[in-house]
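Me: Got a multi-chain model open here. Can you walk me through the interfaces?
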Amino acid sequence: MKKIEYTKIKGHSIPYYGLLAGLGFTILLGLLSTWYMEHNGHHVTGMTNQIVWGMPHVFAIFLIIAASGALNVASIASVFGKKIYDPLSRLSALLALALLAGGLVVLLLDLGRPDRLIVAITKYNFKSIFAWNIILYTGFFGIVGAYIWMMMDHNMYKFKKKVGLVAFVWRLVLTTGTGSIFGFLVARSAYDAALMAPMFIVMSFGFGLAIFLLVLMASYNWTGRELGDAVVARLRNLLGVFVAASLYFTIVYHVTNLYITEHHGVEKFILSDGGIYTNLFWVGQVLIGGLLPLALIYAPGVRTCRKTLGAISTMIIIGGMCQVYVIVIGGQAYPMELFPGYEVSSSFFDGVVGQYSPTLPEVVLGVSGMAVSLLLVTFAMKALAFLPSSLADSVADPHAAK
Amino acid sequence: MTKRFLRISLIFTGLIMLFPAQGIADTPFPSIHEPEGEGVKCVKDEDEMRRNHMNYILHQRDKTMREGVRAESDSSYSLAKCINCHVQPNDKGEVPTHDSKEHFCVACHQYASVQIDCFECHADRPQKYIKRDQSPRALKQQLKEVLDAKDMGDAQ
Amino acid sequence: MSDQINDSRRSFLSKAAIAGSITIAPGVFLHQTAHAKPDDQAVSNDTRWGMLIDTDKCAKGCTGCVDACNNEHGLTGFGRPETDTQYIRKVSLVEKQTGHEISLPLMCQHCENPPCVDVCPTGASFKREDGIVLVDKHICIGCRYCMMACPYKARSFVHENIEDQTLSAPRGKGTVESCTMCTHRVDKDGIPACVEACTEDDHNAMLFGDLNDPDSEISKELKKHGGKQIRADLQLNTGVRYQGL
């Protein structure tokens with residue numbers, strides 16, 4: 001295995017500036033949406049007193065989950081000592097930071113009072129998992145930032161493994177925190193399960209790797225660098241394992257709920273009667289985000305096809321968005337059971353399935369969060385040497401040079 | 001080289017300092033409403049209040065909200081009481097709102113470039129100048145009061 | 001030592017209050033004044049305010065408590081029921097098995113262990129010493145996690161610009177709010193507006209008082225006939241109890 005050489009991307013071409021401009025414009029639209037929502041109040045969104053978290057939260061939570069998952073590639077290299085992933089570590093860490101930043105921007109801009117950010121970082125209620133998450137997110141920036149430094153600075157390289165281990169543990173805790181936002185909600189029957197935390201971790205593996213693959217292939221393709229099959233095949237297999245694991249957790253979650261009589265109502269809602277949520281679950285999450293990618297990953301004939309892999313990754317991202325949508329919105333739409341055995345009605349939509357139709361500004365805000373992530377990555381690659389000049393098999397595969 | 005740099009930066013600093021000074025000179029000192037009436041006095045001296053009003057009402061706010069202390073003596077602090085005295089109708093009989101420079105609080109805060117968000121939640125005018133849509137309940141209550149008053153009158 | 005003084009002072013004052021109020025207006029329910037506190041003293045956990053609602057007395061179709069609450073707090077809607085604030089609402093129940101109908105008011109249950117307080121990242125959701133759960137809108141960032149956590153759907157998010165607030169309910173866009181158990185009245189020995197309205201309408205379905213005082217009417221009634229908590233399985237020890245459920 002040759003010594004890996006990292007170089008900045010040139011970033012002088014018109015398409016590069018075009019990409020920056022496009023992402024910048026999307027972010028601008030996102031800011032306009034925020035201004036519109038904050039100026040008028042949240043009644044201009046689809047969010048209500050029934051569905052209190054909406055589209056921005058779906059995007060934000062997806063991005064935050066994906067962020068910790070994107071760090072996986074680096075962790076496999078430095079924590080588990082798999083050499084072939086080593087050249088990918090810098091990009092992996094960068095992507096993790098960028099995705100987290102994107103997700104947090106959306107979360108922040110959707111707050112009722114985003115102008116009170118200072119309150120959020122100075123006043124803590126330590127019993128709140130949300131407050132812990134604020135600390136976990138901030139810590140993640142610090143630790144992964146240090147991790148990138150260790151990887152890039154020859155003098156610090158010796159600490160890379162240790163910092164990598166800290167980052168790995170931290171990311172596990174972070175996703176546990178994100179999952180616990182829902183896991184700790186005793187009030188709603190769709191949440192309130194310790195399983196939420198490990199399920200979010202497994203989801204993060206798949207989401208993060210799918211985004212990583214897309215960014216990796218796109219940047220190598222657009223900069224004309226060589227990306228060998230050895231690396232891609234490894235990542236592809238890994239993706240298959242992650243998707244399967246995620247499906248497994250989905251099954252365990254629902255089968256457990258189906259066994260508990262108290263949860264039959266919400267299960268029936270998600271699995272068969274929930275309309276949009278049922279469709280998103282079966283078609284979006286299970287089929288597009290699970291079964292189809294699995295079939296394609298292990299299908300003979302397309303094993304080295306990059307376009308197929310791109311499609312698989314895209315499907316996993318779409319399926320992941322559906323999954324988060326079903327968890328966040330579907331979980332709220334199902335009415336809380338305050339009076340078991342009674343039919344309930346009131347002026348406040350008790351006993352009624354919550355109606356939610358996202359409005360444009362919410363979606364634009366969410367998409368602009370993704371744009372923030374991509375803009376950071378695009379810019380960082382030009383500022384610092386994140387990408388290996390070549391990942392051709394002869395360079396990247398420790399077993400290639402026989 | 002260093003000297004020249006120093007000289008240039010000094011000139012720049014001087015120029016920068018000139019501008020805000022000019023800005024202040026251009027902004028007229030706000031005309032604020034002085035509460036009228038004999039013996040009407042603020043809970044503290046004017047100078048003290050001007051400097052420290054925020055500390056007094058902040059302290060009272062936490063006492064009231066978190067501890068339920070609603071002392072309503074003449075010497076206690078309360079935003080509502082500030083408003084009651086200081087926000088009054090102008091010559092045209094209009095009561096300024098917090099969008100208007102005429103508003104007691106806004107006038108000074110704008111002058112001092114301090115942004116406050118009190119009036120996102122708190123009423124910016126004395127309650128007696130706020131007209132509310134009367135809900136059915138209020139109407140019912142009013143009717144009852146009228147009838148009660150009539151009964152009292154009859155009894156006498 | 002100073003505690004003892006305070007205690008004796010308080011009990012003296014409360015006795016004085018009872019004596020005073022009885023002579024002023026005999027025949028009116030004034031048991032609530034038994035816990036009069038000097039108005040410069042902080043509320044303490046000697047008191048735990050609570051409510052007992054008798055669903056058998058709660059009249060179907062009557063919205064007296066809701067109207068009174070809206071009036072008291074200046075809660076005017078914008079004609080958008082999905083986003084308009086409701087501190088208290090009337091809920092109609094029909095038992096699926098028997099068809100038995102129940103009507104009841106539902107609001108913040110003022111839990112002893114409130115999930116909204118647990119999850120609030122900034123500590124804006126808090127419980128007063130006397131058991132009343134409130135939102136400190138000065139430090140609420142509008143994240144709505146408390147609304148996700150509340151089992152009773154008791155909280156509303158202010159979705160629009162608000163002007164002309166009442167003194168009893170400062171409220172504004174981008175923050176969360178809910179029933180305050182009329183702290184502004186209770187701190188001055190009053191009773192919540194909803195309870196007052198229910199009593200005035202002669203329904204007497206709502207009883208307000210101190211759960212910590214064994215001699216208060218609410219405690220005696222609870223001891224005699226009991227009262228259920230909604231979602232008792234969560235063991236939140238709610239301050240609002242129901243009879244006839």
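Me: Which residue stands opposite Val91(C) in β2(C)?
Reply: Ser346(A) stands opposite Val91(C). Bear in mind that this is a predicted model, where local features need pLDDT of at least 70, side-chain atom pairs count only at pLDDT 80 or more, and totals for chains, interfaces and linings use all residues.

Me: How many bridges join β3 of chain A to β2(C)?
Reply: Five, and the strands, β3 (residues 342-346) of chain A and β2(C), run antiparallel. Two strands pair if DSSP finds at least two bridges between them. Strands are DSSP runs of E, at least two residues, and helices are H or I runs of at least four, numbered from the N terminus. Residues are numbered from 1 along each chain as its sequence is written, and chains are lettered from A in the order in which they are written.

Me: How many residues of chain C are in contact with chain A?
Reply: 46 residues of chain C, against 37 residues of chain A; contact here puts the C-beta atoms, placed from the backbone, within 7 Å.

Me: What gives the largest share on the chain C side?
Reply: β2(C), with seven residues. Elements giving two or more residues there include α3 (115-119) and α4 (145-149) of chain C.

Me: Switching to B and C, how many residues are in contact there?
Reply: 22 residues of chain B touch 27 of chain C. On the chain B side, α2 (46-67) and α5 (136-155) each supply at least two residues, and α2(B) gives the most, with four.

How values were computed. Contact = placed C-beta atoms within 7 Å.
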